[in-house]
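Here is a structure to question label by label. Each reply sets a value beside its definition and then concludes.

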Amino acid sequence: MLLLCFFFFNDTATTEIYTLSLHDALPIWIAALELFFNGERMQLGRWPDPGEEESGWVRSVSAVSDNQFTYSGNRPERWTQADQVWFAGVWKHFWADFVVWATEINTSTKTVTLGRNPYFGMSDNRPYFAFNLIEEITLPGEWYLDRNSGLLYFWPPSALTGSEILVSVTEQPA
């Protein structure tokens with residue numbers, strides 16, 4: 001575990017020490033919302049689906065900048081109305097995966113712009129998948145939550161009658 005402490009010294013009186021709370025300095029991660037159907041965790045709508053392509057991954061073509069990459073194919077053309085797309089990828093080193101939202105998907109240049117730079121940068125030909133897409137609910141058990149409207153869309157894997165459906169709402173991992 002890495003622990004960082006920040007100390008700030010007042011320029012006029014070096015005997016005063018100011019501290020910055022780690023709560024304010026470090027990102028606080030909220031546990032991801034999950035959907036369970038009869039005790040099994042369901043998959044967010046994603047592309048490619050697990051088992052497709054390279055075991056559920058596709059590869060970028062090239063790194064354009066620290067937060068942009070190009071892709072091949074035309075699948076993202078289905079997502080032109082999506083405003084909450086996330087990408088999970090191994091953007092530079094194969095031991096450093098990173099999950100981040102997209103701020104733009106330009107289908108004419110086939111370029112994706114991520115909302116932050118992956119920690120170690122980006123390289124060409126790196127595996128990734130896109131998720132949180134209603135357009136990619138293609139298999140039973142997949143779902144999507146529109147956080148703006150609060151509506152959850154779900155393709156159940158079996159009949160709803162008599163089934164238990166749970167949504168996690170914790171603000172921190174157990």
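Q: How many salt bridges does the structure hold, and what makes a pair a salt bridge?
A: The structure holds three salt bridges. The term requires a side-chain nitrogen of Lys or Arg within 4 Å of a carboxyl oxygen of Asp or Glu. This is a predicted model, in which local features need pLDDT of at least 70 and side-chain atom pairs count only at pLDDT 80 or more, while totals for chains, interfaces and linings use all residues. Residues are numbered from 1 along each chain as its sequence is written, and side-chain values use heavy atoms, with hydrogens and water left out.

Q: Why is the pair E34 and R41 called a salt bridge?
A: The closest N and O atoms of E34 and R41 are 3.7 Å apart. The limit is 4 Å, so the pair qualifies. Side chains of opposite charge can pair when their charged atoms come close.

Q: Are E34 and R41 buried, partly exposed or exposed?
A: Buried means under 20% relative accessible area, exposed means over 50%, and partly exposed lies in between (1.4 Å probe, protein chains only). E34 has 29%, so E34 is partly exposed. R41 has 52%, so R41 is exposed.

Q: What makes E136 and R75 a salt bridge, and which parts of the chain does the pair tie together?
A: Their closest N and O atoms are 2.7 Å apart, so the pair meets the salt-bridge limit. E136 lies in the loop between β13 (127–131) and β14 (142–146), and R75 in the loop between β9 (68–70) and β10 (86–89). The pair therefore ties together parts that are 61 residues apart in sequence. Strands are DSSP runs of E with at least two residues, helices are runs of H or I with at least four, and both are numbered from the N terminus.

Q: How do you know whether E136 and R75 are buried or partly exposed?
A: E136 has 0% relative accessibility, so E136 counts as buried. R75 has a relative accessible area of 24%, so R75 is partly exposed.

Q: What is the distance between E136 and R78, and which residues form one network?
A: E136 forms a salt bridge with R78, with the closest N and O atoms 3.9 Å apart. This pair also links distant parts of the chain: R78 is in the loop between β9 and β10, E136 in the loop between β13 and β14, 58 residues apart. Salt bridges that share partners join R75, R78 and E136 into one network. R78 has a relative accessible area of 39%, so R78 is partly exposed.

Q: Why is T111 called buried?
A: T111 has 12% relative accessibility, so T111 counts as buried. T111 lies in strand β12 (residues 111–114). Not counting residues up to four places away in sequence, T111 touches residues including F69, Y71 and I105. Contact here means heavy atoms within 4.5 Å.

Q: What makes the meeting of the T111 and T109 side chains a polar contact?
A: The distance is 3.0 Å. A polar contact is a pair of N or O atoms within 3.5 Å; within protein, one must be able to donate a hydrogen and the other to accept it, and residues adjacent in sequence count only if both atoms are side-chain atoms. So the T111 and T109 side chains make a polar contact.

Q: How do you know that β14 and β15 pair?
A: Strands pair if DSSP finds at least two bridges between them. Four bridges join β14 to β15, so they pair. The two run antiparallel. Y144 stands opposite Y153 in β15.

Q: Why is one side of β5 and of β15 left without a neighbour in the sheet?
A: The open sheet of three strands has the order β5-β14-β15, with mixed pairing. β5 (43–44) and β15 (151–154) stand at the edges, each with a single partner strand, so one side of each has no neighbour in the sheet.

Q: Which strands pair with β10?
A: Four bridges join β10 to β11, and the two run antiparallel. G89 stands opposite F98 in β11. β10 and β13 also pair in the antiparallel sense, over four bridges. F87 stands opposite A130 in β13.
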